[in-house]
Amino acid sequence: MVRTPLTPEERERGERLGRLLREARGPRSMVEVAEVAGLSAETLRKIETGRAPTPAFFTIAALAQALDLSLDELLTRCSPLPA
């Protein structure tokens, strides 16, 4: 299966998501947050660095819960910027 290349907007949204997650993680380690979310530290690293800019919904939901973020906040802060 060949994956369709991401658009510049999708890449930018992934970068915004990564920044938000790093900011929300604060001084906690990736390993600690990933463990609470039920993910591998490598998965969290890929999301935070934008290498996995379109993670699955349940991955985002688990991270939001682990970081005490609402899904509404994530949506608002990661939505496309107005033109």
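Q: How much space lies in the largest pocket?
A: About 330 Å³. Keep in mind that this is a predicted model.

Q: What is the lining like by class?
A: Nine residues are nonpolar, three are polar and one is charged.

Q: Switching to H1. How many residues does it have, and what is its reach?
A: H1 has 18 residues. From first C-alpha to last, the helix reaches 26 Å, close to the 26 Å expected at 1.5 Å a residue.

Q: Which H1 residues are buried?
A: Gly14, Arg16, Leu17, Gly18, Leu20, Leu21 and Arg25.

Q: What do those pack against?
A: The buried residues of H1 pack against helix H2 (30-37), helix H3 (41-49), H4 and H5.

Q: What follows H1?
A: Gly26 does. Its phi is positive, near 55 degrees.

Q: Back up to Glu9. Where is that residue found?
A: In helix H1, which covers residues 8-25.

Q: Buried or exposed?
A: Glu9 counts as exposed, because its relative accessibility is 52% and the cut-off for exposed is over 50%.

Q: How about Glu9 and Ser79, what separates them?
A: Along the chain, 70 residues. Between the C-alpha atoms of Glu9 and Ser79, 9.5 Å.

Technical notes: Residues are numbered from 1 along each chain as its sequence is written. This is a predicted model: local features need pLDDT of at least 70, side-chain atom pairs count only at pLDDT 80 or more; totals for chains, interfaces and linings use all residues. Side-chain values use heavy atoms; hydrogens and water are left out. Helices (H or I, at least four residues) and strands (E, at least two) are DSSP runs, numbered from the N terminus. Buried means under 20% relative accessible area, exposed over 50%, partly exposed in between (1.4 Å probe, protein chains only). On a 1 Å grid over the protein atoms alone, a cavity is a set of points where a 1.4 Å probe fits but cannot get out, and a pocket is an open set with protein on both sides within 12 Å along at least five of seven lines; lining residues have an atom within 4 Å of a point. Grid points are joined across faces, edges and corners, and a volume is the space filled by probe spheres set on the points. Ala, Val, Leu, Ile, Met, Phe, Trp, Tyr, Cys and Pro count as nonpolar, Asp, Glu, Lys and Arg as charged, and the others, Gly among them, as polar. The expected span of a helix is 1.5 Å times one less than its number of residues. Contact means heavy atoms within 4.5 Å.
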